[in-house]
Amino acid sequence: MQLCKKQWLFIVLFVLAGFFASYASYLAFTKTLVNIYVEKMPDGAWIVSDNVVSEYNASQWAEENDIATGDRIIKIDGHSPDEDISVSRFGKIGTADILEVIKDGKRIVHHVQNEHSISYLVYCVILPGIIFVMLLLFSIFLLQKTEAKNVPSITLILFFLATGCGYVSGATAGLGDMIIRLGNTLGVLFCLVLLLHFLLSYFDLLHTRGRILLTLVYFTSTLLYVAESFASFAKMKEYFLTVYVVKLTFYSIVFLINLIVILLQYFHYRRTRKEAIMKVMLTGICVSYFPYVGLVTLPKTLFGFELIQTEVAVSFLFYLPVSFYYLVTAKQLLDIDFLLNRLKYYLLLSLLPSVLILLICMYVIGYSPNGMVSWLQLSLATYLIITLLFFAKETLDYELRHILFREKLNFQSSLDRFSREIMRVMKVVELDERLLAEIRDTLQVKAVSIAEIEPNQRKVHWLEGYPAPPTENIIQVLQKNSVMKIGDIVTDESGVFIHMGERNQNLAFVWLQNKPNQTQFNIDEIIWIKTMIRYVGLVYENLFLIEKLSDELEESLQKQKGVSPWLLRLFFRMSEKERRRLASDLHDSALQEQIVWYRRLDKLITDTNTPEAVASELTHIREGLLDVIYQIRQVCNELRPPFLQEMGIVEVLEGLISYTQQQENFTITFAKCEIPSDLDPEISISLYRIVQELLRNAAKHACASSVHITLDCNNEHLILHYSDNGQGMAETELRSTFSHMGIVGIQERVRCLRGSILFQTDVGKGFDVHVTLPVDRIADTLLLDGKEIYP
């Protein structure tokens with residue numbers, strides 16, 4: 001693959017970013033971060049000051065060595081603090097080997113050991129390195145899939161590189177190394193600017209206002225970068241700190257602009273196919289950047305404190321490559337709607353217990369306004385921990401419930417077991433017995449019964465179960481609750497009544513005696529009971545329809561009316577489905593095997609080493625095998641007319657007639673008219689089967705020399721007329737012929753389509769068939785007692 005000029009530039013950029021990240025990681029690993037901010041007093045002394053901007057605290061060296069605000073710094077590595085590069089440029093001690101301090105009038109010499117804590121290694125070396133590698137690899141992946149002029153993809157790659165470089169150099173940015181400082185400032189300032197450029201170009205918002213906004217943001221970020229770089233080189237400490245605070249404020253503003261753009265696009269694409277993509281993008285950017293902006297930068301800039309440590313906040317950038325990888329690749333790795341809904345639900349649930357825990361702690365420990373920051377941090381941590389516990393509870397509950405609880409009390413296992421067993425139930429009585437047995441075994445109640453109530457006469461018929469409650473109890477329940485839905489529950493002193501719906505125009509109820517300990521059923525038991533009743537109601541409806549169908553079929557046969565048209569349609573559809581399956585199996589198995597053997601045999605015949613006599617015999621076998629292949633293909637075509645829906649009934653009939661003329665000794669004339677293209681497929685396949693059967697009958701029995709077929713159509717009917725000059729038959733013989741499958745099949749096909757058929761024949765006068773079918777599409781849904789029973 002040839003690389004264009006832009007791709008080569010990106011490859012160079014990737015290499016430079018890799019060297020930069022390696023150098024920053026090397027410094028972070030080999031140097032110990034001191035991170036002590038100092039301030040020069042009027043008398044020239046340097047004292048430890050408060051940290052006025054957000055920095056990494058993972059090393060915690062100053063805290064561990066009891067260096068506090070007000071301590072005096074005498075020497076750094078044997079030199080005056082004025083000579084230290086980090087102090088003169090940034091107003092802080094970035095790193096040192098020996099630090100001399102005066103604390104409470106005593107001179108203390110600290111030897112800085114290059115020993116890193118686990119938290120420092122994780123937050124300042126390992127995690128930044130992993131995230132940088134992920135972002136770099138994803139950028140390379142995008143470069144392979146990106147066209148040279150694809151602005152959104154190019155800006156997205158630059159955004160990933162800027163974010164990765166800014167993060168990996170964050171811990172070492174204050175050491176005094178200008179390469180690291182400039183790279184860190186460049187990454188931090190421009191990462192969200194490039195994200196804004198990506199969003200505006202991706203959503204095609206680079207019109208006049210969008211372009212002006214983007215130009216203004218680029219200009220401001222460039223100005224801030226030049227100002228901070230100048231302050232660093234010129235060793236203007238006070239000016240640098242001012243620019244640094246302005247830079248963080250600008251960073252927060254650009255984040256809010258990005259958030260507004262995504263929210264506006266989310267509402268624009270809401271309820272479309274892009275809604276899930278917008279949710280992933282919104283979640284990814286918020287989770288990645290909000291902890292640093294909302295919990296560190298804004299509180300520090302506005303109030304002088306941070307809610308969480310900087311290194312913890314920026315570690316959330318781990319979610320950034322994950323979310324964009326999800327967007328670009330699979331798009332189905334997780335159900336984002338489900339996770340967001342769960343998150344909102346658990347955040348709402350966690351609010352009240354978090355507030356209660358905070359109030360209890362403030363009451364027990366004692367609230368002090370001076371410790372407000374600590375209280376805010378505690379409340380935030382408590383809120384997040386409770387939310388995570390809710391997520392963990394849901395997962396553990398699913399995994400461990402069947403282990404910690406007895407099988408009979410495991411409602412999920414009960415539903416699963418009951419649904420499997422009920423699949424074999426074919427009678428309502430068996431269904432009721434199975435329901436009562438499951439309730440007794442799972443809830444451990446002694447008495448369960450099912451009753452039907454005649455609403456008008458207030459009579460109760462106990463169907464299943466023992467013992468039954470007093471009849472007056474259930475009558476009183478019915479009078480107090482005249483309108484009930486399936487699954488509704490009513491309680492009285494004798495037990496619980498659950499409405500099951502209607503059965504044979506009566507109301508059906510399940511009655512459960514109270515639990516042995518006389519306590520009420522808990523929420524899990526109530527939900528389980530309602531689920532069981534609703535599931536049984538659905539199965540009962542299916543059993544009721546099956547029984548009705550069976551009764552109607554039996555009644556129809558007893559009255560000798562013949563099979564109902566809807567049932568005939570069902571049979572014919574099932575027959576056509578089976579024909580298609582058989583044709584597919586023949587084509588994909590037997591036919592393909594025959595073709596393979598034919599090719600191997602042909603190769604053997606053409607082999608020069610095959611004796612001539614053997615080759616001649618193999619040639620005869622090959623010809624016979626070719627006939628078998630042809631016959632299998634014809635059988636497949638007869639079982640499943642090829643391209644019936646694509647070509648239409650007229651062209652398919654022409655193909656059938658052409659094939660029949662090649663095989664038989666009579667001539668066929670076919671007159672047709674224009675047939676509607678939206679003809680019901682069921683009518684098309686029925687016409688094909690009727691003509692197929694009539695031609696087969698002409699070949700076997702008619703002894704005809706000529707066959708004439710006419711297919712005509714008007715606005716309401718499709719008319720098929722068949723006639724031949726064969727030997728015909730007497731009317732009495734025609735009636736006896738109705739006992740054979742061919743003629744009967746034609747009749748039944750026409751009847752199930754609400755059509756009419758007329759036979760005319762006599763000895764020596766040929767055979768005429770006149771078929772009329774309605775053109776209108778037949779309803780796919782058939783009704784029984786006003787209820788849908790079939791498509």
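I take buried to mean under 20% relative accessible area. By that cut-off C165 is buried, because its relative accessible area is 13%. I note at the outset that this is a predicted model.

**Whole chain**

I looked up the overall make-up first. The chain has 24 helices and 18 strands. Of its 791 residues, 44% are buried. I then checked the reach of the contacts. Among those between residues at least 6 apart in sequence, 65% join residues at least 24 apart. The exposed surface comes to about 43,700 Å², and carbon and sulfur atoms supply 59% of that area.

**Cysteines**

How many disulfides does the count come to? It comes to zero. I looked at C673 in particular. Its closest cysteine sulfur belongs to C713, 5.4 Å away, which is too far for a bond. A disulfide needs the two sulfur atoms within 2.5 Å. C673 counts as partly exposed, because its relative accessibility is 22%.

**The six-stranded sheet**

I traced an open sheet of six strands with antiparallel pairing, in the order β4-β1-β2-β3-β5-β6. The edge strands are β4 (92-93) and β6, each pairing on one side only. Inside the sheet, β2 (residues 46-48) runs antiparallel to β3 and is joined to it by two bridges. I47 has R72 of β3 as its bridge partner.

Next I went to β5 (residues 98-103) and β6 (residues 106-111). Six bridges join these antiparallel strands. I98 finds its bridge partner in H111 of β6. The hairpin of β5 and β6 has two residues between the strands, and D104 there takes a positive phi near 55°.

**P81**

I located P81 in the loop between β3 (72-76) and α3 (85-90). Is P81 buried or exposed? P81 is buried, at a relative accessible area of 4%. Leaving aside neighbours within four places in sequence, I listed its contacts: W46, I73, I74, I76 and V87. I also checked P81 against I93. They are 12 residues apart in sequence, and their C-alpha atoms are 8.5 Å apart.

**Two helices**

I compared end-to-end spans with expectation. Helix α19 (residues 612-639) has 28 residues and should span 40 Å at 1.5 Å a residue; its end C-alpha atoms are 40 Å apart, so the two agree. Among the buried residues of α19 are A615, L618, R622 and L625. I also noted I629, I632, Q634, C636 and L639 as buried there.

α5 is mostly covered, with 16 of its 18 residues buried.

**Aromatic rings**

My search of the whole structure finds 13 aromatic pairs. Y266 and F267 form an edge-to-face pair, 5.5 Å centre to centre with 65° between the planes. Y266 is buried at 13% relative accessible area, whereas F267 counts as exposed at 52%.

Y346 and F390 form a stacked pair, 5.5 Å centre to centre with 5° between the planes. Y346 lies in helix α12 (residues 336-365) and F390 in helix α13 (residues 372-404), so the pair ties together parts 44 residues apart in sequence. Y346 is buried at 7% relative accessible area. F390 is partly exposed at 26%.

Which residues form one aromatic cluster? I found F138, F141, F159, F160 and Y289.

Note on methods
Residues numbered from 1 in each chain as written. Predicted model: local features only at pLDDT ≥ 70, side-chain atom pairs only at ≥ 80, totals over all residues. Heavy atoms only, no water. Pairing = 2+ DSSP bridges. Helix = DSSP H or I, 4+ residues; strand = E, 2+ residues; numbered from the N terminus. Buried < 20%, exposed > 50% of the residue type's maximum accessible area, 1.4 Å probe, protein only. Contact = heavy atoms within 4.5 Å. Areas by Shrake-Rupley, 256 points an atom, 1.4 Å probe, with all protein chains shown as cover. Expected span 1.5 Å × (residues − 1). Phe/Tyr/Trp six-rings, centres within 6.5 Å; stacked < 30°, edge-to-face > 60°.
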